[in-house]
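Please look over the notes below with the model open. They are meant for someone who has not seen this structure before.

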Amino acid sequence: VLAIKNFADQEAALTKVRSSIEATGQAAGFTADELLKVAEGLQKVTTFGDDQILNDVTRTLLTFTNITGDAFLRAQKIVLDYSASTGKDLNSSALAIGKALNSPAQGLAGLSKAGIQFTIQQKKLIDSLVGSGKAAEAQEIIFAQLEQRFNGTAEALAKVGAGPLLVLKNSISDLLENFGGI
């Protein structure tokens with residue numbers, strides 16, 4: 001019964017991701033299967049399960065159509081690091097980071113409320129870049145600030161304390177998903 005539930009949860013997560021991809025005209029530039037592989041890869045090195053990543057991170061970030069390609073992949077990882085570092089839930093973390101990356105000039109206020117500070121020079125540069133149509137460069141400044149503070153936290157926590165047990169638990173859940181699919 002648990003195997004069937006795990007399989008059903010995985011299928012539900014993928015269905016939601018497919019729906020989000022379709023609704024946004026595949027703005028992020030990935031298929032559901034590609035994003036599943038990314039989530040599975042992140043699951044192997046963090047304490048977060050792939051279903052949780054798909055439901056709370058991937059699906060949330062897909063709603064922000066200005067986060068595409070490599071920036072989308074990078075955003076998923078930094079959401080996990082931010083959440084692992086701050087203890088905030090994945091969905092809230094994805095919303096905060098997604099808003100900032102999707103609309104860099106306006107999104108900084110939300111990150112500032114979350115304790116991520118930008119200098120006056122950084123804010124001016126972001127405004128200037130966005131104003132001149134260089135949103136990707138503005139996103140880079142946000143990534144640099146987030147990565148400076150949080151990069152690698154999710155992977156580090158997977159290696160200490162109960163982290164290895166959670167990674168193992170997620171692997172066993174995947175095995176059960178496979179059985180449930182049969």
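The points below go from overall fold to core and then to surface.

1. The model is a predicted one. The protein contains 10 helices and zero strands, so its pattern along the sequence reads α-α-α-α-α-α-α-α-α-α.

2. On overall dimensions, the C-alpha trace spans about 55 × 40 × 20 Å along its principal axes.

3. Of the contacts between residues at least 6 apart in sequence, 68% join residues at least 24 apart. Buried residues make up 41% of the 182.

4. The largest nonpolar core holds 45 residues. Those with the most contacts inside this core are L61, I67, F72, L80, I97, L111 and I142. Two or more core residues come from each of helix 1 (2–23), helix 2 (32–45), helix 3 (50–62), helix 4 (69–86), helix 5 (90–102), helix 6 (104–113), helix 7 (120–131) and helix 8 (135–150). Helix 4 supplies the largest share, seven residues.

5. Which residues does I97 contact, leaving aside its neighbours within four places in sequence? They are I78, V79, Y82, L111 and L146. L111, like I97, is listed among the residues with the most contacts inside the core.

Technical notes:
Residues are numbered from 1 along each chain as its sequence is written. This is a predicted model: local features need pLDDT of at least 70, side-chain atom pairs count only at pLDDT 80 or more; totals for chains, interfaces and linings use all residues. Side-chain values use heavy atoms; hydrogens and water are left out. A nonpolar core is a set of buried Ala, Val, Leu, Ile, Met, Phe, Trp, Tyr and Cys residues joined through side-chain atoms within 4.5 Å. Buried means under 20% relative accessible area, exposed over 50%, partly exposed in between (1.4 Å probe, protein chains only). Helices (H or I, at least four residues) and strands (E, at least two) are DSSP runs, numbered from the N terminus. Contact means heavy atoms within 4.5 Å.
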